[in-house]
Amino acid sequence: MTGTLFDKVWDAHKVRVLPSGQTQLFVGLHLVHEVTSPQAFDMLRQHGWRVAFPDRTVATVDHIVPTDIRRRPFVDVMAEQMTSALERNCRDFGLRLYGPDAREQGIVHVIGPELGLTQPGMTLACGDSHTSTHGALGAIAFGIGTSQVRDVLAAQSLVLERPKVRRIDVNGRLAPGVYAKDVILTIIRTLGVEGGVGYAYEYGGTTIDAMTIDERMTICNMSIEGGARVGYVNPDETTFAFLRGRRFAPAGDAFDRATAWWRSMASAPDASYDDLVQLAAEEVEPTVTWGINPGQSLGVTGRMPIPSHDSPRDEAAAEALTFMGFEPGSRIQGTRIDVAFIGSCTNGRLSDLEEAARIVRGHRVAPHVKALVVPGSQGVSRDAEARGLHEVFLAAGFEWRSAGCSMCLGMNTDRLEGRQVCASSSNRNFKGRQGSPVGRTLLMSPAMVAAAAIAGEVVDVRPLVTSSASPVSSAVIQPDRPPFRDSR
Ligand code: SF4
């Protein structure tokens, strides 16, 4: 078949083209969570509708679920109400739910691939912006709003404008200490946070080809932060190996037949794209955000901008620097942190925890830092504990939590306080994202968060990765001016 994977999946799932020119698209899998679904279920009740395809709908709790004490009723009244509402809705509409006590519970974008629910060539929708994560397996996955959640529940379809497709090729070898998170932050900085509006992003090239599915998920997860609603990687042997044996993946002969079809859905070698972007892996450094959107980032050895106020970009930079309390032109390296958060659907998988534990082992969290590790799912938690990773983190002074979104967003009890600065492996650094309206988020890879937790400030993780004997210390930091303007 010719064309891109996006073209093939879109055409295979097209129900009809509406007079508006939009397409009604069949949704292969609908993932549901507690925050964007209650009103959608209410609307179904008001109309007397049923869920069209209960067997294509799977729910879990992640956004508001407590990650410390799970005893019911939850101490957080809102969390209890929303969890109870989802339990009632799933019971009433006959849907599979992985609730707080289920072995399968976790962040919706972690459990879909983990359970083999997410498969190449499918369409997938979920009421969460970071649904693009599932594109790592060659699915076309859309983040949707509550009214669209209603549409998918009622009709298993979405009405969408067909986006263009931009191919992003990353070629070359990443240096030790440089990760998928650094690649996607660099892509977003290069193309801008609105650069992907109207596009689906297809990621490829030798760097992406060499990545694990976990790493590809980190890349696809943040597509939306670059404005692209969809991001995907073509399915290959890595994809098939990842899916083999997973609970909801086909088994036996059916797996072989599925693999043949999945392979046929990958973009053809002669597929044409609406745009093509190239990035050299050697140019990617450990990357840290200094601002209030994920495009405002720099290599850890770099300096923050000195805005001149003569362009919208400079005005945005000036606003960000003022909010963050950073001096224009100062270094990010050496910035004191208060909180270290390792988790989220971007970087809360087993490989993320393994890499962070490698940095942490044998060290202690700086006395002034609150550090927490929140596995992306109960499955990740079990696997990490089987490898003893929790003991590494606990011995270093990290808190080891139950699975959930936690401090990725301020909808549960894990929140920043006041002007705290958080080194975070999550995906958004918007004002107020982590719960405090004036809290400050520095996005980076889990290994960089681990290093910052130990040093108590932002450091370059590369010397620690290349020399496991290297101590984490501020001796590697040489800020030539104080990074903070004030201590609000
Ligand atoms: S971890 Fe963050 S981005 Fe991911 S689903 Fe939860 S709230 Fe959304």
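## Loops, strands and a ligand shell

Ser406 sits in the loop between strand S17 (399-400) and strand S18 (421-424). Strands here are DSSP runs of E with at least two residues, helices are runs of H or I with at least four, and both are numbered from the N terminus. Keep in mind that this is a predicted model, where local features need pLDDT of at least 70 and side-chain atom pairs pLDDT 80 or more, while totals for chains, interfaces and linings use all residues. Residue numbers start from 1 along each chain as its sequence is written, and side-chain values use heavy atoms, with hydrogens and water left out.

Most residues other than glycine have a negative phi, and most peptide bonds are trans.

Pro73 belongs to the loop between strand S4 (57-60) and helix H3 (77-93).

**The S1-S2-S8 sheet**

Strands S1, S2 and S8 make an open sheet in that order, with antiparallel pairing. S1 and strand S8 (157-160) are the edge strands with a single partner each, so one side of each has no neighbour in the sheet.

S1 (residues 14-17) and S2 (residues 23-26) pair antiparallel over three bridges, where pairing takes at least two DSSP bridges between two strands. Thr23 in S2 is the bridge partner of Val17, and Lys14 stands opposite Leu25 in S2. S1 and S2 form a hairpin with five residues between them, and Gly21 in the turn has a positive phi of about 95°.

**S7 and its partner**

Strand S6 (residues 123-126) pairs with S7 in the parallel sense, over four bridges. Ala125 has Phe142 in S7 as its bridge partner. In a regular strand the side chains alternate between the two faces of the sheet. Both faces of S7 (residues 140-143) are covered: Ile140 and Phe142 are buried on one side, Ala141 and Gly143 on the other.

**Around the ligand**

The ligand's shell (residues with a heavy atom within 4 Å of it) consists of His63, Ile107, His109, Asp128, His130, Ser344, Cys345, Cys405, Cys408, Leu409, Asn427 and Arg433. By class, the shell has five nonpolar, five polar and two charged residues. Nonpolar here means Ala, Val, Leu, Ile, Met, Phe, Trp, Tyr, Cys and Pro, charged means Asp, Glu, Lys and Arg, and the others, Gly among them, are polar. Cys345, one of the shell residues, counts as buried at 7% relative accessibility.

**Cysteines**

How many disulfides does the structure hold? Zero, taking a disulfide as a pair of cysteine sulfur atoms within 2.5 Å. For Cys90, the nearest cysteine sulfur is that of Cys126, 12 Å away. Cys90 is buried as well, at 3% relative accessibility.

Definitions and conventions: Buried < 20%, exposed > 50% of the residue type's maximum accessible area, 1.4 Å probe, protein only.
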